[in-house]
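Morning, everyone. I have one structure to walk through today. Please take a look at it first.

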Amino acid sequence: MPNSLNPFELIARRWQPSARFVERAALATVVMAVVIVVTGGAVRLTQSGLGCDTWPKCTSGSLTPTSDMGIHGAIEFGNRMLTYVLCAVIGLVIIAARARTPVRRSLTRLGWAQFWIVTGNAVVGGITVLTGLNPYIVSSHFLLSSALLTVAVLTWWRAREGDGEPRELVAGPVRQLTRLLIAATGALIVIGTVVTGAGPHAGDARKVHRIPLNWQEITQLHVDFVYIVLGLTVALWFTLRAVKAPADQRRTVLELLVVLLLQGVVGYVQYFTHLPEVVVGIHMLGSCLVWIAVLRVLLAQRERGALPAAVPAPTGDHETVQPEPAASSR
């Protein structure tokens with residue numbers, strides 16, 4: 001009965017988003033996930049981490065920053081408000097995926113996964129403030145943002161392909177080499193958070209607890225893993241070329257190599273110029289781009305068939321919908 005329809009079904013009866021719209025909405029979540037990381041870095045690099053000195057309010061007596069808090073309060077509060085923008089974009093993906101007929105449950109589940117990661121990370125962000133920018137909590141805050149970026153990229157990729165069982169496009173050894181590359185890149189990012197937690201940019205001008213390690217020695221370990229990731233990337237490219245893998249698979253590896261080289265240049269510049277804030281911020285953006293690029297290398301090595309073709313949404317209680325032939329996903 002019409003009265004028993006849930007809100008998603010009501011939307012689907014009035015709006016059928018195109019596959020292109022769903023894909024672009026999913027891409028928007030990737031962009032916003034990167035923006036959240038970069039603006040979060042700006043909060044730390046401008047020493048605005050305690051611009052709002054409590055959570056969920058900005059101060060004990062105000063939800064928003066007050067004039068006497070200056071620019072630091074505005075920066076920290078602005079970053080908090082971006083979380084709502086991110087949630088709105090994720091909500092759009094969920095609604096669009098649910099409204100499109102046939103319903104793609106995989107996309108709605110991935111959308112909800114993003115929502116719950118954002119919710120959990122908001123709580124971790126609050127704990128970060130309440131603990132006075134504890135470096136271990138700050139690191140977990142960044143890693144949860146990386147998890148969000150991972151799910152966002154997967155959502156975007158899944159929006160461009162079908163719902164069939166994944167079919168591997170490369171041999172087992174190639175897949176294993178790719179997984180090793182993923183693991184090494186993940187370790188590189190984790191070590192980078194340790195460098196951040198031990199380094200000079202604590203997030204606030206006042207004395208803030210740091211990870212009790214020599215940040216220059218940790219930086220050297222970070223650089224060692226950069227070379228490991230570079231070596232694995234080059235090895236994977238030659239392997240794909242040797243087995244005559246499709247051009248799009250080789251292209252994703254070349255794109256990763258370019259991003260890694262650019263990120264390496266930024267890393268050396270920030271080290272030898274004594275970590276200027278702007279360059280560190282660019283390096284944080286680069287870390288997001290590296291992770292996106294390496295995920296694309298992995299995802300390009302399998303396929304799930306064509307996108308399911310859109311069919312008219314039912315408009316009556318007893319209407320039967322006949323599916324159309326599947327459309328190409330590319």
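Let's start with the order of elements. From the N terminus, the protein runs α-α-α-α-α-β-α-α-α-α-β. That makes nine helices and two strands. Keep in mind that this is a predicted model. The C-alpha trace spans about 70 × 60 × 25 Å along its principal axes. The protein has 330 residues, and 45% of them count as buried.

Now, contacts. Take the pairs of residues in contact that sit at least 6 apart in sequence: 76% of those contacts join residues at least 24 apart.

Next, the core. As background, nonpolar side chains in soluble globular proteins tend to be buried together. Here the largest nonpolar core has 57 residues. Which of them touch the most other members? Leu149, Leu236 and Leu256 do. The elements giving two or more residues to this core are α2 (19-45), α3 (70-99), α4 (105-130), α5, α6 (172-198), α7 (215-242), α8 (247-272) and α9. The top contributor is α9, with 10 residues.

Stay with Leu256 for a moment. Leave out residues up to four places away in sequence, and Leu256 touches Leu181, Thr233, Val290, Ala293, Val294 and Val297. There is also a second, separate core. That one has five residues, including Leu50, Val129, Leu133 and Val208.

On to empty space. We can look for it by rolling a probe the size of a water molecule over the atoms. How many cavities of 30 Å³ or more does a search of the whole structure find? Three.

The largest cavity holds about 50 Å³ of space. Its lining is Val37, Phe142, Ser145, Ser146, Leu149, Ile189, Ser287, Cys288 and Trp291. Of the elements, α5 gives the most, with four. By class, the lining has six nonpolar residues, three polar and no charged. Note Leu149 on that list.

Charged or polar, beyond the nonpolar residues? Charged: this lining has six nonpolar residues, two charged and no polar.

Last topic, the cysteines. The structure holds one disulfide. Which residues does the disulfide join? Cys52 and Cys58, with 2.0 Å from S to S. The torsion about that S-S bond is about -80 degrees, so the disulfide is left-handed. Both Cys52 and Cys58 are buried.

Cys87 is in no disulfide. For Cys87, the nearest cysteine sulfur belongs to Cys52, 18 Å away. Buried or partly exposed? Cys87 counts as partly exposed, because its relative accessibility is 23%, and the cut-off for buried is under 20%.

Over to you for discussion.

Definitions and conventions:
Residues numbered from 1 in each chain as written. Predicted model: local features only at pLDDT ≥ 70, side-chain atom pairs only at ≥ 80, totals over all residues. Heavy atoms only, no water. 1 Å grid on protein atoms, 1.4 Å probe; cavity = no way out; pocket = protein on both sides within 12 Å on 5 of 7 lines; lining within 4 Å. Points joined across faces, edges and corners; volume = space filled by probe spheres on them. Nonpolar A, V, L, I, M, F, W, Y, C, P; charged D, E, K, R; others polar. Disulfide = S-S within 2.5 Å. Buried < 20%, exposed > 50% of the residue type's maximum accessible area, 1.4 Å probe, protein only. Core = buried A, V, L, I, M, F, W, Y, C linked by side-chain atoms within 4.5 Å. Contact = heavy atoms within 4.5 Å.
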